[in-house]
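Have a look along with me.

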Amino acid sequence: NFSRVTEFILLGLSDRRELQVIFFTFFFLAYAMVLLGNLLIIVTVRTDPKLSSPVYFLLCNLSFIDICCTSVTSPRMLVDLLSQRKAIAFEDCIAQLFFLHFVGASEMFLLTVMAYDRYTAICKPLHYTAIMSRQACWVLVSACWAGGFLHSIVQTLLTIQLPFCGPNKIDNYFCDVPPVIRLACTDIYVTEWLMASNSGLISLVCFLVLVTSYTFILVTIRVRLTEGHWKALSTCASHVMAVILFFVPCTYIYLRPFSTFPSDKLVCVIYTVLSPVMNPLIYTLRNNEVKASMWKLWKRCRV
C-alpha cells in the first residue's frame, strides 16, 4: 500500500509521569481481576454438572471472550505506561486492530445470542430445551466467532489499503480503526463511511435487537408471573447491565465518522477494561446458582 511509516507512537492516556503510575496500578489490578474472575467462572461452569444449561454455556463463552478482549489491549498498555517511548510496529498495530475487532464483534453477537436465550426461556418455556439444544448452542457460538472474523477482516482491509507516509502519532493507548485511518495520506471520506456502516451499524443493530428482546420479555413478565419467570428476569437484569456497559460506548465511538473528541479515550476504557472487569461481578453476584457452585468449588479446593 506504499506506506513509509514503519511504526506508530501511542500517546496513551496521559504524558504526566505521576498519572502514568496511577494508571498502571489501576489497569494492572483491573487486568488481574478480569483474568481471575473470568477464569473462575469458566472453571466453575465446567466442573459443576448443575450448570449445564444453555445460559451457563453461553456465559462460559462470554468469559473466554472477555479474557481475549482485554488481553489484546491491556498488556501492551501496561508496558507502555512504564516506557518512555511508546512505539508499536506497523505490523503489530494492524494485528492488534484485527484481534480487537475480532473478539469485540464476537462479543456483540454473543450478547445478542444470550438475549435470545433469555427471550426463549421466558416467552417460549415449553420449547426452550428444543430450541436451545446443545447442538444449537454450538452453532450459535460458532456463528458469533465467524461473524466477528468477517467483520474484523473488513475493518483490517479498510485500514491496510491506505497509504501512511507522514504523521504516526495515535492519540490513544491502542490501535483502532478511527484514530489509525486519520493518519492516512489520502482522502478517507469513503473509508470513514464504510467504517461507520460496518462497526457502527453492527453495534447499533445488535443493540436494537437486544432492546427489542428485553421489551418482549418485560411484556411477557407482566402477563404471567411465576417463580421461574422471576428467576429468568433476574438473569435478564444482569444481561442488561452488561449490554449497557459494552454497547453504548461502542456505538458512541464507531457510529460517528469525521469527528474525534478528547473524551474518546476514556470511553474506550469502558468497553476495553471496565466491561470485562464488571461482567464476572454482574453475572455472579446476581446469580445464586453460580455463587453456590463457586462456594462448593472453594470448599473442594480447601480439602
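**Pocket notes**

I started with the second largest pocket, and α9 gives the most to its lining, with three residues. I kept in mind that this is a predicted model.

I looked up the volume of the second largest pocket next, and it is about 270 Å³. The lining has 17 residues, and I noted Asp171, Pro179, Arg182, Thr260 and Asp264 as the closest to the centre. Two elements give two or more residues to this lining: α6 (177-181) and α9 (264-285). Sorted by class, the lining of the second largest pocket has seven charged, seven nonpolar and three polar residues.

**Aromatic notes**

I then turned to the rings, and a search of the whole structure finds 19 aromatic pairs. For Phe98 and Phe99, the ring centres are 5.1 Å apart and the planes are at 80°, so I filed the pair as edge-to-face. Phe98 is buried at 15% relative accessible area, whereas Phe99 is partly exposed at 42%.

My next entry is Phe207 with Phe247: their ring centres are 6.3 Å apart and their planes are at 35°, so this pair is tilted. The pair links distant parts of the chain, as Phe207 sits in helix α7 (residues 189-223) and Phe247 in helix α8 (residues 227-254), 40 residues apart. Buried or partly exposed, I asked of Phe207? With 23% relative accessibility, Phe207 is partly exposed, while Phe247 is buried at 0% relative accessible area.

My last entry is a cluster: Phe64, Phe98, Phe99, Phe102, Trp145 and Phe149 form one aromatic group.

Technical notes. Residues are numbered from 1 along each chain as its sequence is written. This is a predicted model: local features need pLDDT of at least 70, side-chain atom pairs count only at pLDDT 80 or more; totals for chains, interfaces and linings use all residues. Side-chain values use heavy atoms; hydrogens and water are left out. Rings of Phe, Tyr and Trp (its six-membered ring) pair if their centres lie within 6.5 Å; planes under 30 degrees apart count as stacked, over 60 as edge-to-face and the rest as tilted. Buried means under 20% relative accessible area, exposed over 50%, partly exposed in between (1.4 Å probe, protein chains only). Helices (H or I, at least four residues) and strands (E, at least two) are DSSP runs, numbered from the N terminus. On a 1 Å grid over the protein atoms alone, a cavity is a set of points where a 1.4 Å probe fits but cannot get out, and a pocket is an open set with protein on both sides within 12 Å along at least five of seven lines; lining residues have an atom within 4 Å of a point. Grid points are joined across faces, edges and corners, and a volume is the space filled by probe spheres set on the points. Ala, Val, Leu, Ile, Met, Phe, Trp, Tyr, Cys and Pro count as nonpolar, Asp, Glu, Lys and Arg as charged, and the others, Gly among them, as polar.
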